[in-house]
Amino acid sequence: MLKLPLPALNDTEGHSIPSDLPFVVDAHVHIFPDGIFKAIWDWFDKYGWPIRYRLTSPDVLDYLLSRGLGHIVALQYAHKPGTARGLNSYMAKICRKFPHKVSGMATVFPGENESERVLKEAFEMGLKGVKLHAHVQCFDMNSEEMDAVYDLCSSEGKPIIIHAGREPNSPAYKCDPYVLCNAEKLKRVVENYPKLKICVPHLGVDEFLPYKQLIEKYDNLWLDTSMALADYLPIRNPVKLEDMRLDRIMYGSDFPNVPYAWDREIKRLKQIKLSSESMAGILGENAVEFFNITLRQPACHARHKRAGIVTRGSKPREYVHRH
Ligand SMILES: [Zn+2]
């Protein structure tokens with residue numbers, strides 16, 4: 001089991017997305033209202049790792065977009081019952097400030113009162129799907145209370161991104177991720193809801209091999225790469241990315257809650273030397289399909305334009321980082 005907390009890496013950061021890359025969608029970015037962000041950073045400092053980019057939500061999005069990101073999927077999660085409605089309105093409001101650039105995901109606390117109503121309202125506000133976190137929200141993904149969420153998302157065609165991997169575990173969680181999470185349980189959800197699109201972040205950390213096999217078998221399951229390509233977490237991954245089913249892998253960063261440079265995983269992805277088709281899929285097209293993202297222009301067109309966006313627009317905005 002992973003031993004936390006871990007140290008910061010003072011690796012160098014690039015000033016923009018390399019111009020030879022295709023259109024990039026970051027499928028895993030966190031935003032929260034200021035007070036919750038602060039509480040999360042304090043928690044991470046103590047039990048996880050030092051957060052390198054302590055930015056407010058609008059600055060998180062500005063930061064990445066000004067460095068050449070084409071589109072961002074923004075996530076948040078309710079830590080307790082009764083807070084999801086407020087968080088979803090907050091998410092919808094922020095997304096409106098970045099038209100065609102940010103897709104927001106809804107949150108709900110599984111089992112809370114009116115959970116279906118909460119999600120319906122969120123979808124009416126334009127949110128694209130639901131983010132769930134088993135460690136923070138302490139739900140069993142096979143419990144009955146989850147069916148309401150799965151049923152609704154399945155019938156409305158909304159994807160779910162669900163932290164279902166056992167790591168990074170911490171004794172500071174109120175529940176034991178090793179009891180709640182395993183690939184077998186997630187497989188049951190995927191089988192019971194064949195029309196429900198599900199993404200498991202961090203390549204399923206630390207059950208990399210079972211998740212590799214699951215995406216080969218099930219067309220309704222995707223994985224994102226967040227933190228799993230960084231070579232940061234001291235967890236061995238026996239699976240090579242190039243051996244995986246690459247049309248089911250999405251690039252995601254976990255920005256700003258990372259202890260290293262914002263573009264660390266993009267640089268590592270480049271080093272793997274995948275085909276240009278696979279790179280275009282992982283870096284953008286797979287996420288466009290999974291989240292039903294509406295771009296102002298087709299991704300292939302946007303790709304040619306992207307380099308121009310960086311130079312024609314403003315300089316990448318600078319922010320003070322607290323290391
Ligand atoms: Zn995350």
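Mentor: Start with helix 2, residues 57-65, in this predicted model. Its buried residues are Ser57, Val60, Leu61, Tyr63, Leu64 and Leu65.

Trainee: What covers the buried residues of helix 2?

Mentor: The cover includes strand 1, strand 2, helix 3 (84-97) and strand 3 (102-104).

Trainee: Is helix 1 largely buried or in the open?

Mentor: Of its 14 residues, the number buried is one, so helix 1 lies largely in the open.

Trainee: How do you know that the span of helix 1 agrees with its 14 residues?

Mentor: Helix 1 covers residues 34-47. At 1.5 Å a residue, it should span 20 Å. Its end C-alpha atoms are 20 Å apart, so the two agree.

Trainee: Now the strands. Why is strand 1 called mostly covered?

Mentor: Strand 1 holds residues 25-30, and six of its six residues are buried.

Trainee: How do you know that strand 1 and strand 2 pair?

Mentor: Pairing requires at least two bridges. Strand 1 and strand 2 (residues 71-75) have four, in the parallel sense, so they qualify. Within this pair, Val29 has Ala74 as its bridge partner.

Trainee: What about strand 2 and strand 3?

Mentor: They share three bridges, again parallel, so they also pass the threshold of two. Here Val73 stands opposite Ser103.

Trainee: Which strands are the edges of the sheet?

Mentor: The open sheet has three strands in the order 1-2-3. Strand 1 and strand 3 are the edge strands, as each pairs on one side only. On average, neighbouring strands are turned by 25° against each other, direction ignored.

Trainee: Which residues touch the most other members of the largest nonpolar core?

Mentor: Val73 and Ala74, in a core of 90 residues. Helix 11 (residues 276-291) gives the most to this core, with seven residues.

Trainee: What does Val73 touch, beyond residues up to four places away in sequence?

Mentor: Its contacts include Val25, Ala27 and Val29, then Ser103 and Met105, and also Ala287 and Phe291. The contact cut-off is 7 Å between C-beta atoms, so each of these contacts of Val73 falls within that distance.

Trainee: Where does helix 11 lie?

Mentor: Helix 11 lies across strand 1, strand 2 and strand 3, running at about 65° to strand 1.

Key: Residues are numbered from 1 along each chain as its sequence is written. This is a predicted model: local features need pLDDT of at least 70, side-chain atom pairs count only at pLDDT 80 or more; totals for chains, interfaces and linings use all residues. A nonpolar core is a set of buried Ala, Val, Leu, Ile, Met, Phe, Trp, Tyr and Cys residues joined through C-beta atoms within 7 Å. A residue is buried if 20 or more other C-beta atoms lie within 10 Å of its own, exposed if 12 or fewer, and partly exposed in between; C-beta atoms are placed from the backbone. Two residues are in contact if their C-beta atoms, placed from the backbone, lie within 7 Å. The expected span of a helix is 1.5 Å times one less than its number of residues. Axes are lines fitted to C-alpha atoms, for helices over the stretch in contact, and angles run from 0 to 180 degrees between N-to-C directions.
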